[in-house]
Amino acid sequence: MIHSRFWPTETLGAAPIPKVVLSPRAPKGPIEADIPVDDKLLDAGDHNGSTFYQHLGFFKAITEGAPVDVSLEDGLKAVVIGLAAQHSSKMGQAISLTDEGFSFSE
């Protein structure tokens with residue numbers, strides 16, 4: 001059984017096993033593969049263990065000068081995309097990302 005601090009087992013039952021779904025052109029997909037995650041990783045973080053790996057990568061970046069997986073610019077662009085999506089939903093119209101993804105306009 002998958003453990004997760006934020007999965008409401010009372011209402012949704014046991015959390016599903018994480019999987020990857022591939023849809024290749026040949027042979028015609030989809031192909032599903034379960035991705036079991038060690039219970040210790042699930043207990044150490046959320047998002048099926050990815051939080052643990054994010055923390056590990058951040059620790060290595062700080063202590064060893066390792067490169068980061070996601071830059072500050074990547075994070076800012078993700079926030080802009082979210083804000084643009086909210087604005088689009090509220091206004092009922094398409095939104096264009098501008099300034100190389102750092103801004104948006106109607």
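Reader: Into how many nonpolar, polar and charged residues does the lining of the largest pocket divide?
Author: The model is predicted: local features need pLDDT of at least 70 and side-chain atom pairs count only at pLDDT 80 or more, whereas totals for chains, interfaces and linings use all residues. A pocket is an open set of points on a 1 Å grid over the protein atoms alone where a 1.4 Å probe fits, with protein on both sides within 12 Å along at least five of seven lines; its lining residues have an atom within 4 Å of a point. Ala, Val, Leu, Ile, Met, Phe, Trp, Tyr, Cys and Pro count as nonpolar, Asp, Glu, Lys and Arg as charged, and the others, Gly among them, as polar. On this basis, the lining divides into five nonpolar, two polar and one charged.

Reader: Which residues line the largest pocket?
Author: Residues are numbered from 1 along each chain as its sequence is written, and side-chain values use heavy atoms, with hydrogens and water left out. The largest pocket has a volume of about 240 Å³. Its lining is made by Tyr53, Gln54, Gly57, Phe58, Pro67, Val68, Asp69 and Val70.

Reader: How many Å apart in space are Gly57 and Pro67, C-alpha to C-alpha?
Author: Both residues belong to the lining of the largest pocket, and Gly57 is part of helix H3 (residues 50–64). In sequence, Gly57 and Pro67 are ten residues apart. From C-alpha to C-alpha, their separation in space is 8.5 Å.

Reader: In what order do the elements of the protein run from the N terminus on?
Author: The elements are DSSP runs, numbered from the N terminus: helices (H or I, at least four residues) and strands (E, at least two). The protein has four helices and four strands. Starting at the N terminus, their order is α-β-β-α-α-α-β-β.

Reader: Which side chains meet in a salt bridge?
Author: A salt bridge is a side-chain nitrogen of Lys or Arg within 4 Å of a carboxyl oxygen of Asp or Glu. The search of the whole structure finds one. It links distant parts of the chain, 13 residues apart, with one partner in strand E1 and the other in strand E2 (residues 31–34). At 3.0 Å, N to O, the partners are Lys19 and Glu32.

Reader: Where does Pro27 lie?
Author: The peptide bond that runs from Ala26 to Pro27 is cis, with omega near -5 degrees. Strand E1 covers residues 19–22. Pro27 itself is located in the loop between E1 and E2.

Reader: Why does Glu100 count as exposed?
Author: Glu100 lies in the loop between E3 and E4, and its phi is near 55 degrees, a positive value in a residue other than glycine. Residues over 50% relative accessible area are exposed, those under 20% are buried, and those in between are partly exposed (1.4 Å probe, protein chains only). Glu100 counts as exposed because its relative accessibility is 71%.

Reader: What is the phi of Asp99?
Author: Asp99 is in the loop between strand E3 (96–98) and strand E4 (103–105). With a relative accessible area of 56%, Asp99 is exposed. Its phi is positive, although the residue is not glycine, and lies near 50 degrees.

Reader: Is Gly101 buried or exposed?
Author: Gly101 is found in the loop between E3 and E4. Its C-alpha atom is separated by 8.7 Å from that of Ala78, 23 residues apart along the chain. Because its relative accessible area is 11%, Gly101 is buried.

Methods. Grid points are joined across faces, edges and corners, and a volume is the space filled by probe spheres set on the points.
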